[in-house]
Amino acid sequence: MSLDPATVRRIAKLARIGVAEGDVARLQGELNGILGWIEQLSEVNVDGVEPLTGGAQIALRLRADAVTDGHIADAVLSNAPDRVGDFYTVPKVVE
Amino acid sequence: MTYTLQGSTGTWEIVCGLEVHAQVISRSKLFSGAATDFGSEPNSQVSLVDAAFPGMLPVLNEECVAQAVRTGLGLNAQINLNSRFDRKNYFYADLPSGYQISQFEQPIVGRGEVEVELPDGSARRIGITRLHLEQDAGKSLHDQDPSRSFIDLNRCGVALMEIVSEPDIRSPEEAGAYLRKLRTVLRYLGTCDGNMDEGSMRADVNVSVRHAGEPFRTRCEVKNVNSIRFVMLAIEAEARRQVEIWEAGQEVHQETRLFDPARNETRSMRSKEDAHDYRYFPDPDLLPLVLEQGWVARLKASLPELPDAKRARFVRDYGLTPYDAAVLVAEQSIAAFFETVASGRNARLAANWITGDFFAALNRTGRTIETSPVTAETLGALLDLMADGTINGRIAKEVFEAMVDTGAAPADIVQQRGLRQVTDTGAIDDAVNAVLAANPDKLAEYRSGKDKLFGFFVGQVMKAMAGRGNPALVNEALRARLSV
Amino acid sequence: MTLTGLSIAEARAGLDARDFSAVELVQAHVDAAAALNPRLNAFITLTPELALAQAAGADAALGDGSAGPLAGIPLGIKDLFCTKGVRTTAGSRILDDFVPPYESTVTANLLRDGAVFLGKTNLDEFAMGSSNMTSAFGPVENPWKRAGDPGAVLVPGGSSGGSAAAVAARIAMGATGTDTGGSIRQPAALCGLAGIKPTYGRCSRWGVVAFASSLDHPGAFARTVQDSAMLLQSMAGFDPRDSTSVDRPVPDYAAACRRGVRGLRIGVPREYRADGMPEEVDRLWRQGLDWLRAAGATIVDVSLPHTRYGLATYYIVAPAEASSNLARYDGVRFGHREPGHDLTELYEHTRAAGFGEEVKRRILIGTYVLSAGYYDAYYLRAQKVRTLILHDFDQVFAEVDALLTPTTPNAAFAQGEKMDDPVAMYLNDVFTVPANMAGVPAMSVPAGLDGQGLPLGLQVIGRSWDEETVFAVAQVIEDAAGFSVLPALRAGVVR
Ligand SMILES: [Mg+2]
Ligand SMILES: [Zn+2]
């Protein structure tokens, strides 16, 4: 499988990374180099093998339902690039 | 009951499935220790986990898992002892991490079903495809500033149960009945307050149409409909739109739409320009969720009696009609009210009073069962006064209205207003004689064979006695006097 | 006596004996940083005032007998660990002004035990790299020099390159690192240090900027095996805030270093004999095996047939997780923001300007391998291969107690080398990646020099939760190697 320019633009869009039109060809080359190399995995026989999803081989631990956090709006907003009162802001979203 | 749409090319049937997002009742969020209360100061119920600060990690809330399992059990569904959390990746202003933690491939609850009762007395089984746990998003405020939207993450991370039905629904009424039943079950279980106004229950509606017997056609999803009435209207509007498209020889395209209640129509969502590709994958910050059978069994043992079981018991033990029973079990508080009134009394009479005069009074006065001046105890006392002959049924209505107005005990009202039933035969005979004497013409008609006038005489006698005459004794005295 | 030349164990002994104070010890390292960091660029942020205040606190604790095991020990903290009130950048422009209002669990554990933080060390951006060349804050110079070529500027390895350079240059006595595919062991090898990546779940990831969650392992650098054991002892432990943290007691690692290897079975995975492995690397490996044999271990040939796919698997799993983990850098709640007319533009401008080229490449690869139609072919297949790799380790560890391999296929290379082809750079991690795939503990220990006088490391891989055996084996190699050569650039020596 190899990426065409349209796919490069599509995944850049999905990833919300602005890519200048002049960079598409370079990225296409680099990404195809990497994809071509990882293509070697297709030679491994994985029939009947369960996927390993996580790093730890244990079951999930649960926490008790208690309010132990929150009421830290100052900390939550302390790094905000733009805020109004205790709100974050973004350019106006029209639905 | 078959619901169809009539088109120029024939009869169309609706195929509908619902995805309901129900907010889980829990103190803290699904993966963080921040509170879930409604209506707090902006960004006050937000932890650094909810705001997706670098290095913050999710830890699953046990109670949210228990609530999902309780709900699954209440929907007669398969509980999956092994489930998993996946990330659903997309960018949005109120989704800080850029992904929603949800369950995609292995939900915590599998297949189940709900039985819904329709107003015509028939019942339908609606299949449940699955129930999974996921996080709610935050809230964007668009009307506070000319150029910016404001973001409040208080709701972000609150646990939701997404309950997906099979495409088993065939009419707006069935959709309404399904949602009401689902809400009843969730409230019984205490897993969701079912409050659609506050957004704690929201529905996505999948609609397609077809000619009877056909395979399914393309469906559209109407997102985020926030009342049962709007769900019913949206289904109808969307089905009508699709019928028009098909009948014009065009194709319905699968898409996400919104319902506009003001215009009673659905419209395409603008934001579909980039086709969604959610790139689901298992969340590597979490591990497989493994439940113990014994834990599930203990939850099951602790469930309250659910509406279907309660309704069956009301029919069996109290001799109610299935419809009355269904009405009474719709809310736990009503069912409990009924059982208090019915205990040791005529249960059918109790049911009639509750579904009749009592509900009418609540409606009229805008009160709820919790704030009603008439309590189960005082209503029961009223029934007792009828049973022991202190008052008759007609006076009972009067006493009831006084109870609604004053909240007083029925015995006190009867006492104060002198409403005690008259069983003194001398007084009854006097009233009978006076009525007959005052209506010689009617008496003559009766004597010449117009039997129906008997009722007229009863009414006149009761009126003369201010409604307080014992109806049996009045009948008896009249009959004796007229047969002479 | 030069204070910057001491090991942590020696420094602790000196502090306890009142040979010098913590303030004196820390001041010597603060001075070394001031002298060397402008050239090495090992630290992105130095916090000398904070360090000296912490040192004063350590002296007080030493005085009243409440001193923790690391009291007064000056450390470098990889700038991927969030530190409360101290800027944390992850080596990225997108976090250039981020000040966390919280302390990572691992660094909080170190502070609890009295450690002193000199500052935040440089790294490849978001820990993505093997050379420290991808940092938005500039490359790090390896304090080691090729014999006869003092002009060549070598890389320290990566991604924890700043930590490795700081410890090698005697600016810090030890440092934290994170290892996702080799990011502790590879720079440790290239800088002549001991570097340990413990079992997955041993050190909490809470407060560590995520790269690839299922592969990220916090760990430690030091100049001796014993010192790295002391650091890990403090860093490790159960953390209820990390769902992948495992509730197991932390053994006495320092004691484990003295266990020896008598009676142990050491495996030699034949698949690690990669084609084209330099003769000197192979020779050092055989030397290491001889040392272990001489110390009483039995050497066993073993096979890990799927390890050769480890690196390709890594370059699917890690970018996939990273593409999702890095979605939170959107210019809304923290970090860099570039204006945009609408929300999508804000995102696209912010992320285009905020991320460097390697990070963008990996996000795009990760987005692609998870996208509709490609998930099964790439991501799901990679997860299955990962299972096979884990099975390989399980089978081998039924036979042997530890494995010995080279850490890297080569010694430090020069800045600019291997930069054109991402894949050539990725091959640096070919020996280290399999242990991340399986989550098993592994460490690099300096074992000798290559023909140009640059350090080479050997890697010890152990069973899950058995860091003790890893330390024991590494200690035997350290003792046998007698590695005593010093880097050209170091405290007190600036050329
Ligand atoms: Mg949905
Ligand atoms: Zn959902």
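How many residues of chain B are in contact with chain C? There are 29 on the chain B side, and they meet 38 residues of chain C. Contact here means heavy atoms within 4.5 Å.

Before going on, the ground rules. This is a predicted model, so local features need pLDDT of at least 70 and side-chain atom pairs count only at pLDDT 80 or more, while totals for chains, interfaces and linings use all residues. Residues are numbered from 1 along each chain as its sequence is written, chains are lettered from A and ligands numbered from 1 in the order in which they are written, and side-chain values use heavy atoms, with hydrogens and water left out.

Back to chains B and C. Together they bury about 2,700 Å². Carbon and sulfur atoms account for 60% of that. Buried area is the accessible area, with a 1.4 Å probe, that two parts lose on being put together, summed over both.

Which residues form the salt bridge here? Asp285(B) pairs with Arg205(C), and their closest N and O atoms are 3.1 Å apart. The rule asks for a side-chain nitrogen of Lys or Arg within 4 Å of a carboxyl oxygen of Asp or Glu.

Between chain B and chain C, 16 residue pairs are in polar contact, both at pLDDT 80 or more. A polar contact is a pair of N or O atoms within 3.5 Å; within protein, one must be able to donate a hydrogen and the other to accept it, and residues adjacent in sequence count only if both atoms are side-chain atoms.

Two strands of chain B, S5 (86–89) and S16 (281–282), each supply at least two residues of the side that touches chain C. Helices (H or I, at least four residues) and strands (E, at least two) are DSSP runs, numbered from the N terminus. By class, that side of chain B has 21 nonpolar, four polar and four charged residues. Ala, Val, Leu, Ile, Met, Phe, Trp, Tyr, Cys and Pro count as nonpolar, Asp, Glu, Lys and Arg as charged, and the others, Gly among them, as polar.

Now chain A against chain C. The contact takes 52 residues from chain A and 66 from chain C. The buried area is about 5,100 Å², with 69% from carbon and sulfur atoms. Four salt bridges cross this interface. One of them joins Glu348(C) to Lys13(A), with the closest N and O atoms 3.1 Å apart. Polar contacts number 17 residue pairs, both at pLDDT 80 or more.

Next, the metals. His21(B) through NE2, and Glu134(B) and Glu162(B) through OE, coordinate the zinc ion (ligand 2) at 1.9 to 2.1 Å. Donors are N, O and S atoms within 2.8 Å of the metal (3.2 Å for Na, K and Ca); water is not among the atoms, so sites may look incomplete. The spacing of the donor residues in sequence is H-x112-E-x27-E. The magnesium ion (ligand 1) is 4.2 Å from the zinc ion (ligand 2).

His21(B) lies in strand S2 (residues 10–23) of chain B and Glu134(B) in strand S8 (residues 123–135), so the pair ties together parts that are 113 residues apart in sequence. His21(B) counts as buried, at 12% relative accessibility. Glu134(B) is buried too, at 4%. Buried means under 20% relative accessible area, exposed over 50%, partly exposed in between (1.4 Å probe, protein chains only).

Last, some backbone details. Gly158(C) and Ser159(C) are joined by a cis peptide bond, with omega about 10°. Ser159(C) is in the loop between strand S3 (116–121) and helix H5 (161–168) of chain C. Ala127(C) lies in the loop between S3 and H5 of chain C. Its phi is near 65°, a positive value in a residue other than glycine. Ala127(C) is buried, at 2% relative accessibility.

Arg279(B) also has a positive phi, near 45°. Arg279(B) sits in the loop between strand S15 (265–268) and S16 of chain B, and is buried at 6% relative accessibility.
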